[in-house]
Amino acid sequence: FPYDTLRFPVISRLVLIGKALPYRQPAFSHFTRYDNKIFLGELYPILHTVKMTTFVASLHLPYTVGFKLRRSGRERPNLRFATRESFDVTAPVPNLLATLNQTVLATPPKTPPAPAVQDNGNFFFEPHSNDIITEEEDGHETDATDASITSRSNSIATPPTSMSNRNTRRTSRRRSSAESGFLKNASWFIEPYDQGNGGLKNAVSAALDAGVIENRTWVGTLGIPTDQLSEQTRAEIDVKLRDDHDSLVVYCKDADFEGHYAHYCKEMLWPVFHNQIPDHPRSKAYEDHSWCYYVALNQAFADTIVRDYKKGDQIWIHDYHLLLVPKMIRDKIADAKISFFLHVAFPSSEVFRCLAVRRQLLEGMLGACLVGFQTPEYTRHFLQTCSRLLYVEATPNGIQLEDRFIHVTSDPIGIDPVSLDLRRKEPSVGEWINIITERYRGKKLIVARDKLDHVRGVRQKLLAYEQFLDKHPEWDGKVVLIQVALSTTENYDLQNQVSDIVTRINSSHANLAHSPVVFLHQDISFSQYIALLTIADALVVTSLREGMNLTSHEYVYFQDKKHSPLILSEFTGSAALFGNAHISVNPWNNRQCAEAFVKALEMSPEEKKKRWEILYNATTHHTATNWVSGFLTKWDEAYEEQQRRGLSTIPRLSSKKLGEYFSSSNKRLIILDYEGTLASWGAPTNVILTSPQRTIDTLNDLLSDKKNIVYVMSGRTPEELERLFRRVPGLGLIAETGCFIRPFEKTKWIRAARSEAECEQWKSQVHDILQYYRERTPGTYIEARHCSFLFHYRNAEDMLTASRQAAECANDVNDRFENQSIRAVPVDGAVVVESTECNKATAAMKVMDILRDKAEQAGDSQTLPDFLLVIGDDRDDEVIFRWANEQRDKIPHVTTVSVGMRNTEACATLAQGVAG
């Protein structure tokens, strides 16, 4: 085919004859249908092998679409994107100098609430009569003045907004035909989008520059209404973003986006994820009607990615807007390489359980093979929540499901020092440093920049600053707080409260030459932002809850000359990284925050530098590039392990090959699980403690060969195992999951667990907990063993209630004995409470030690096994499978077998055990 564009008749079927190529839907995106014609674009993407793609899915793309308008003689509506607030896109760029040069006695007035634009749950373009445009004959605007109209929506981390307000001006949802026609034919262009998850965008860009990640494709929405865009315009935008910006557009209904973002995300998920239960009257309405919008938008993301996915791609999904996407993709592509990272905090289980759709959200996240959080605290909350609400086994490394193991990790995101160095060298930064320094010469500057919402703690900060000035009059006239407040909310009550506090402070402590608070209810340019962080005498962050505060990281980086201290809320994720080098505050404690101001302002230069060096080391270690690199490494490891343990990759046991290994070996160690492998599982109260005759005969046949050393492992007590296998003399036994060992051809038991006295100390406390739940759950009972307990609820009268009680019981034990090596694990129909110090792997290691000692005493290394066979069926057998697989460099022939169809670390599977 020629390289230039060709025109063909309608093609009903396209057949490529030749070598099979990796199919990829985007390769065919160049075939676009116009008026019964197909324009064939470049065939280059089809005819070349496509590399593995990393899809980075976030709510907003780093790019959006602007529309070019033209002013002329005839008046036409201006297209302006309106969300929950009204933004004036013709307003000048915020000027810090103009604000700082205002009369010092002037106190900031109460910010008048901007009339919110509402469209019955939909985004829309708001017409303005003062913009005059003209259309050319072809229907597209050719703009003489290039008045660019682009979207301005709430950022990713915006606070909850009100769904309805009696004082809100409502705009008709219906558009005139002239307005719709204008939008349909409007000339558009692609431009960078300044909203969204800036930390993620910077991190991915830095990783690309460093070569950590290759062939990245963004997936997200445009951040503008798209219902009125024609199919042709949508297709053109899609191709332009795909080809020029490596981005996939997710198109959804405007109503879906509004209901998802402004209603469910901001009114339900945002408060809950920041440990604030939404209990106002609107919450129930949001939860009832907006969940369907949340599902719809998540499904649109999943469908977009699935259409573009090819074998070998990896999918990285971000933040609480897209919690359902991992499972939605997993349902369609079972072996997809998916990870999820939550950038905000994750609440405690007590708060998360308040959500009506809590199970759906958790199961959606567990569709990934790796789930990441900012701090270990959030990771622990997630594990506890899954254990309590989903009744699954939560280990320190992740969640064990029946068919998969989901790894869970904590990786704090960071800043990009390389790009910050470039930005700070811009001439405008130096100019602003000189201007601000001159304006506040002789005064101490305390700087803050926050979104104005109930989570960022601006109100608490101002109250503490007021108390600081009241209690320390010696600082009157010597210190100024510059608070930059980014408002993206309709919460006028909070705005008015903050404005009243600012007015009160300035009224009480200002004079002719000084105003103690400069309150900027707007954002500032990045050069102004860098200048403020560079010359500040302190940065104060009083967030009530926050994932990772990157403003504090940037402040530390820009303080390489001044070394000013950092006042940081203990409820931010960044506080976990900085240790005690910052001044930690509880934002709810006004007195403590006020004293923190004094400590920061009076700190000696030596202490400042010492603290700053610790902060700087933490900041430069946890960079954006390191975050991407570290997460991708863990992702690769998690996916490889999941593939290795997956049912589709584990072969059935080859009896022929096993027989060859068995025949050629000189000494064999065989370790067999009892319950579920040699016999059906059950408790002593409801099964007869006898082994099937076939099991007894098989074990005796194995022991008749002097080359075989046979052990049976079980969770039962030593007394029970002796009764079970009294007709198999010489059999080695491992009781209570590794706590007791009876060596091969011996009669005396070895206690591998703690002493009986030590066990009784924790057992008495655990028994009280189990008894509490047994009394409240009819049909349950407690099985006591020497070193463990089982709380059985298989025969409970109400299984749903019993399952919930069992999960509560497991969490109660795990919380209370977290530091005592005791854990509770939910299994099928029971909760096992046991010590983590002993397991089947430690028992196997002890068995090997016994065999080595025997070989040394005999002076014959031939008595060491050269054949190892381990067969089991349960979750507590995974540790011995892992141990056995690690022995391959020491033992020539190692075979690990899992009975049944389940996710496992064994290298082979069996449909049934010996008894079958």
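Predicted model: local features only at pLDDT ≥ 70, side-chain atom pairs only at ≥ 80, totals over all residues.
Several helices and strands supply at least two lining residues each. Among the helices are α11 (376–390), α21 (624–645), α26 (799–816) and α28 (878–885). The strands include β15 (393–395), β17 (405–410), β31 (822–827) and β32 (830–835). The most comes from α11, which gives six residues to the lining.

The table sorts the lining of the second largest pocket by residue class.

| Class | Lining residues |
|---|---|
| Nonpolar | 12 residues |
| Polar | 14 residues |

**Glutamine 559**

Now to a single residue. Glutamine 559 sits in the loop between α17 (550–558) and β22 (566–569).

What does glutamine 559 touch, leaving aside residues up to four places away in sequence? The contacts are Leu533, Thr534, Ile535, Ala536, Ser564 and Trp612. With threonine 534 there is also a polar approach: a polar atom of the glutamine 559 side chain lies 3.3 Å from the backbone oxygen of threonine 534.

Aspartate 537 is 22 residues away from glutamine 559 along the chain. The C-alpha atoms of these two residues are separated by 9.4 Å.

Conventions:
Residues numbered from 1 in each chain as written. Heavy atoms only, no water. Helix = DSSP H or I, 4+ residues; strand = E, 2+ residues; numbered from the N terminus. Nonpolar A, V, L, I, M, F, W, Y, C, P; charged D, E, K, R; others polar. Contact = heavy atoms within 4.5 Å. Polar contact = N/O pair within 3.5 Å; in protein donor to acceptor, adjacent residues only side chain to side chain.
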